[in-house]
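This report describes selected features of a two-chain protein model.

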Amino acid sequence: MNAPETLSRWTRPESSRVPFWAYTDAQLYRQELDKVFYGRHWCYVGLEVEIPNVGDYKLSWVGERQVIMVRDRVAPRDRGIDPGIRVVENRCAHRGVRFCQQPHGNARSFVCPYHQWTYKLNGELAGLPFKDGVKDGDCVNGGMPADFDLKANGLTRLRVEVLHGLVFATFSEEAEPLADYLGPKVMPWLDRIFKGRQLSLLGYNRQRIPGNWKLMMENIKDPYHPGLLHTWFVTFGLWRADQKSRMVMDDHGRHAVMISRRNDGGENKTVTEGVTSFKANMVLNDDRLLDVVPEPWWKVPDPSTPGADIMPTVTMITLFPSLIIQQQVNSLSTRHIVPRGEGEFDFVWTHFGFADDTPEMTRRRLRQANLFGPAGFVSADDGEVIEFSQDGFRQWGEDGSTLCELGGTGTGGTEHMVTETLIRSMYAYWRKVMGL
Amino acid sequence: MSETLMLQLEINQLNADYAAALDERRFDDWPGFFLEDGQYIVQARENFDRGLPLALIALESRGMMKDRVYGVTQTIYHGPYYTRHVVGPARVLPVLDGDERGLVRAQSNYAVFRTRPGDSSEVYNVGRYIDEIVRTADGLRLRSRRCIYDSEMVLNSLIYPI
């Protein structure tokens, strides 16, 4: 699609109508990469548990830039303050080669195959061939200029912060510290899952979705659809509008948590009547697929009611711009959004458990993983509707817009799920960042 | 020799019938290729190679397979598509220590193409079946089928069995 010469501008004061060009404009997307993914935001790159040993690395992405997350050596005196995780760009400082091609591995140093430029695990340039020239009798041929500074020619090193085993990185020197970036309203919900726990890695699922990356964030900021699109959620009471729920967001409206507590499902005409995805008589042939066992950590002091406890069965956390963290009963995953142009993104699921899980709990988490991912009983259709959304936007063009006015046009938290407030709040923030 | 050839032929026939059931969308027939407590796993090669247990689909009984069929036909919203399975000849593998008598281990390569209405065909999922097969009164049945796929990306979603 050809982008217009001048971009359309957001014409309304509120953010309850999102113009189709926010999803389809290629020029705008290039600006998003700079302002959102390479700007003052922290992007998820992986889990600490993926690289347990010194030299372990894995390839990841910040926007469209491929990066290497690696565990560096740490001097004994720094061990208390430096987790040793580095994130460097996978692009040689010499000729721009994306030099690391193995998706994961262990390295003593990184060497670009083209001219053997060699980097330390922290991205500093360690050396390069013929730097001081090549001796030929009494003279020296070539070599780098005398003032060539190894220190000034390393890999691009991103700022890194590790929170409870989650690794975030940013290209920006101006981004606020990670804890401030996430904010005190979201943090308790990250603490609930991760704080003080050792994770265990269960594995990956990867899917390529032909839709704009923001549609995935919206999908997990949209509590309206799960009890309508997803039969399993409405029929088995995993997520539906008659549940006790709460929508939380940070002060900027960019991050969010959808919190809810499952009920017994079944008939409740106010949320099931006329809902074709509700299957009143559906029973599982093998109910081990939904063998839910509550875990002690589900129950926490309620951040908004001092003295009271809260025990959600599901928390869906969206951390702008590119991470979703899922707890749905016993299934846990991070979902990483990797944009690939305005009309496509990769969606990488990393399922995890805890190091002290019993074999039965691990088994249970793996069974419940059948609900999620690119083939999941309740997730496969999310990718499908995102694709069809993008198709719809593309076929109309410039002056169309989506409508998200469930619960009004304002932004703010709620104690129910019959609202699209989290989508509106994300776009209110996004407009500011994009200057639209 | 002729016994091995015969067995290969039987497994190839099993695979052909299995592929036909899926491609002809006779999904209700699909659990019948397995034992009652048969296993069906679709797993990314990266997890398989690294010993990570997560699978894309992991079913542990015919009952779970029936639940999957119900999902595929009734509950998982998706754009319609045809599949076409192309399954290579089976390699019969040596049995392992501790295998029960009569267990057959086999492996076959497969490619599944997807065709959506109004679209050209595309390579959808490519990998190998790693099978444990037993002979029953009704013929060969799968005790376990693991579909280990090379494809690094699922093209949006994977709905029907592989």
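In this predicted model, strands β5(B) and β6(B) form a hairpin with five residues between them. Within the turn, G118(B) has a positive phi of about 75 degrees. Strand β5 of chain B covers residues 104-115 and is joined to β6(B) by twelve bridges, the two strands running antiparallel. In this pairing A106(B) lies opposite D131(B) of β6(B).

Strand β6(B) also pairs with β7(B): ten bridges join these strands, again in antiparallel orientation. The hairpin that connects β6(B) to β7(B) passes through two residues.

**Salt bridges**

Over all chains, the count of salt bridges comes to 45.

| Salt bridge | N to O distance |
|---|---|
| E89(A) and R91(A) | 3.0 Å |
| R135(B) and E10(B) | 2.9 Å |
| E132(B) and R143(B) | 2.7 Å |
| R367(A) and E60(B) | 2.6 Å |

The side chains of R135(B) and E10(B) meet in a salt bridge. This pair links distant parts of the chain, since R135(B) belongs to strand β6 (residues 121-136) of chain B and E10(B) to helix α1 (residues 2-23) of chain B, with 125 residues separating them. E10(B) is partly exposed, its relative accessible area being 27%.

A salt bridge is likewise formed by E132(B) and R143(B). Here E132(B) lies in strand β6 of chain B and R143(B) in strand β7 (residues 139-149) of chain B, eleven residues apart. R143(B), by contrast, is partly exposed, with a relative accessible area of 24%.

In chain A, E89(A) and R91(A) form a salt bridge whose closest N and O atoms are 3.0 Å apart. E89(A) has 8% relative accessibility and therefore counts as buried, whereas R91(A), at 35%, is partly exposed.

**The contact between the chains**

How many residues does each chain bring to the contact? Chain B supplies 37 residues and chain A supplies 40 residues. In general, the size of an interface is often given as the accessible area lost when the parts come together. For chain B and chain A this buried area is about 3400 Å², of which 53% is on carbon and sulfur atoms. On the side of chain B, the residues that lose the most area to chain A are L54(B), M153(B) and N156(B), which together account for 21% of what that side buries.

Five salt bridges are found across the interface of chain B and chain A. R367(A) and E60(B) form a salt bridge with an N to O distance of 2.6 Å.

Several elements of chain B each supply at least two residues of the side that touches chain A: α2 (45-50), β2 (57-59), α3 (62-75) and β8 (154-155). Of the side of chain B that touches chain A, α3(B) gives the most, with nine residues. By class, this side has 19 nonpolar, ten polar and eight charged residues.

Strand pairing also connects the two chains. Two bridges join strand β14 (residues 199-209) of chain A to β8(B), and these strands run parallel. Which residue of β8(B) is the bridge partner of R208(A)? The partner is L155(B).

**A loop residue in chain A**

S322(A) is placed in the loop between β19 (314-319) and β20 (323-328) of chain A. With a relative accessible area of 1%, S322(A) is buried, because buried means under 20% relative accessible area. Leaving aside residues up to four places away in sequence, S322(A) touches F37(A), C43(A), Y44(A), M217(A), R335(A), H336(A) and I337(A).

How values were computed. Residues numbered from 1 in each chain as written. Chains lettered and ligands numbered in written order. Predicted model: local features only at pLDDT ≥ 70, side-chain atom pairs only at ≥ 80, totals over all residues. Heavy atoms only, no water. Salt bridge = Lys/Arg side-chain N within 4 Å of Asp/Glu carboxyl O. Buried < 20%, exposed > 50% of the residue type's maximum accessible area, 1.4 Å probe, protein only. Helix = DSSP H or I, 4+ residues; strand = E, 2+ residues; numbered from the N terminus. Contact = heavy atoms within 4.5 Å. Buried area = accessible area lost by both parts, 1.4 Å probe. Nonpolar A, V, L, I, M, F, W, Y, C, P; charged D, E, K, R; others polar. Pairing = 2+ DSSP bridges.
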